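Reader: I would like to learn how to read a structure model one feature at a time. Where do we begin?

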Amino acid sequence: MHDFGQILDNRVLLVALLACLIAQICKLAVHLIQHGKVNIRVLVETGGMPSAHSALVASLAAGVGQTLGWASPDFALATIFAIIVMYDAAGVRQAAGKQARILNQIIDELFREHPTFNEDRLKELLGHTPFQVIVGSALGITISCLAGPAY
């Protein structure tokens, strides 16, 4: 139980998790503005504006840099990790979402005459646009900088 208390004392981790939570709440606000209604599901779905993954890892890297130094190997590791996560969010997962959209269209067209075909549709909103990733990372870095005195 003592170890759990130490985890809760890790301010860099807590600020990064807070950045992720704030990004998810921002998604709720963006969805409300775009669609005129509240959709609580966006709090747990992937994709959307801003990228919570990017906010999390950018805040983590900035927090490590602020606490252990910008020249530390720990900051280098956190930064490379952040770059990989953000590249995956905007590249690989975005491409998978586009493929799912095309496959769903094909299924809709091929099985229009067969209403008994009732397979679940593939999830289309998997990744982020580069802009969503940039906004998420800027949000994460900003939150980490604002939390700097807490470190």
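Author: Begin with a definition: two residues are in contact when heavy atoms of theirs lie within 4.5 Å. Keep in mind also that this is a predicted model.

Reader: What share of the contacts in the protein with a separation of 6 or more comes from residues 24 or more positions apart?

Author: Such residues account for 69% of those contacts.

Reader: How many helices and how many strands does the secondary structure hold?

Author: The protein has six helices and zero strands. Along the sequence, the pattern reads α-α-α-α-α-α.

Reader: What should I know about burial and surface?

Author: A residue is called buried when its relative accessible area is under 20%, and exposed when that area is over 50%. In this protein, buried residues make up 31% of the 151 residues. The accessible surface is about 9,700 Å², and carbon and sulfur atoms hold 68% of that area.

Reader: Which residues form a nonpolar patch on the surface?

Author: The patch is formed by F4, I7, L8, L13, L14 and L17, with about 510 Å² of accessible area together. Helices α1 (2-8) and α2 each give two or more residues to this patch. Take L13, which is located in helix α2. L13 counts as partly exposed because its relative accessibility is 31%.

Reader: Is K27 buried or exposed?

Author: K27 is buried, because its relative accessible area is 6%. This lysine also lies in helix α2. Leaving out residues up to four places away in sequence, K27 touches V42, E45, T46, G47, G48, M49, P50, A52 and H128.

Reader: What does the side chain of K27 make a polar contact with?

Author: Its partner is the side chain of Q24, at 2.9 Å. As for E45, 18 residues from K27 along the chain, the C-alpha atoms of the two are separated by 9.7 Å.

Reader: How do I read a peptide bond?

Author: The general idea is that most peptide bonds are trans. Here, the bond from M49 to P50 is cis, with omega near -10 degrees. P50 is found in the loop between α2 and α3.

Reader: Where is S51 placed?

Author: S51 is in the loop between α2 (11-35) and α3 (52-68). S51 is buried because its relative accessible area is 0%. Apart from neighbours within four places in sequence, S51 is in contact with A23, H128, Q132, V133 and G136.

Reader: Are C20 and C145 buried, exposed or partly exposed?

Author: C20 counts as partly exposed because its relative accessibility is 22%. C145 also counts as partly exposed, because its value is 46%.

Methods
Residues numbered from 1 in each chain as written. Predicted model: local features only at pLDDT ≥ 70, side-chain atom pairs only at ≥ 80, totals over all residues. Heavy atoms only, no water. Buried < 20%, exposed > 50% of the residue type's maximum accessible area, 1.4 Å probe, protein only. Helix = DSSP H or I, 4+ residues; strand = E, 2+ residues; numbered from the N terminus. Areas by Shrake-Rupley, 256 points an atom, 1.4 Å probe, with all protein chains shown as cover. Patch = residues over 30% accessible without salt bridge, like charges linked within 9 Å, V, L, I, M, F, W, Y side chains within 5 Å. Salt bridge = Lys/Arg side-chain N within 4 Å of Asp/Glu carboxyl O. Polar contact = N/O pair within 3.5 Å; in protein donor to acceptor, adjacent residues only side chain to side chain.
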